[in-house]
Amino acid sequence: MGYIRAEEILPIEVVELIQQYVDGESIYIPRKPSRRQAWGTGTQTKQELLKRDREIYGEYLAGSRTSELACKYYLSEKSIQRILRKQTGN
């Protein structure tokens with residue numbers, strides 16, 4: 001997300017109106033609901049996490065302990081337990 005100077009794209013009347021509420025501060029203008037994307041849509045992160053979680057589950061089934069998996073994947077044991085519950089559907 002980059003910054004755009006308001007006075008370069010908005011009419012001066014709109015800029016002055018906004019200045020009544022936030023003078024010299026940065027604000028975030030959210031997307032319209034119809035243009036929003038689900039988390040992970042724009043990157044491969046979601047797919048990478050799903051792959052990691054399947055690997056964790058496979059290693060758990062093969063005998064790895066949650067403490068070992070937590071160290072290997074740099075996660076807390078609670079996070080490993082959450083991933084295992086999610087993988088089993090519980």
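**Salt bridges and a nonpolar core**

Trainee: Where do Lys51 and Glu55 lie?

Mentor: Both are in helix α3 (residues 45–61), four residues apart, which is about one turn of the helix. Helices here are DSSP runs of H or I with at least four residues, strands are runs of E with at least two, and both are numbered from the N terminus. The model is predicted, so local features need pLDDT of at least 70 and side-chain atom pairs pLDDT 80 or more, while totals for chains, interfaces and linings use all residues. Residues are numbered from 1 along each chain as its sequence is written, and side-chain values use heavy atoms, without hydrogens and water.

Trainee: What do the side chains of Lys51 and Glu55 meet in?

Mentor: A salt bridge, at 3.4 Å from N to O. The term means a side-chain nitrogen of Lys or Arg within 4 Å of a carboxyl oxygen of Asp or Glu.

Trainee: New topic. Which residues make up the largest nonpolar core?

Mentor: Seven of them: Ile56, Leu69, Ala70, Tyr73, Ile80, Ile83 and Leu84. Two elements, α4 (66–73) and α5 (77–88), each give two or more residues to this core. A nonpolar core is a set of buried Ala, Val, Leu, Ile, Met, Phe, Trp, Tyr and Cys residues joined through side-chain atoms within 4.5 Å.

Trainee: What does Ile56 touch?

Mentor: Leu69, Tyr73, Leu75, Ile80, Ile83 and Leu84, leaving out residues up to four places away in sequence. Contact means heavy atoms within 4.5 Å.

Trainee: How do the axes of α4 and α5 cross?

Mentor: At roughly 105°, and they come within 8 Å. The two helices are therefore roughly perpendicular to each other, a label for angles of 65 to 115 degrees. The contact is made by Thr66, Ser67, Leu69 and Ala70 of α4 with Glu77, Ile80, Gln81 and Leu84 of α5.

Conventions:
Buried < 20%, exposed > 50% of the residue type's maximum accessible area, 1.4 Å probe, protein only. Axes fitted to C-alpha atoms, helices over the stretch in contact; angles between N-to-C directions. Parallel < 35°, antiparallel > 145°, perpendicular 65-115°, else oblique.
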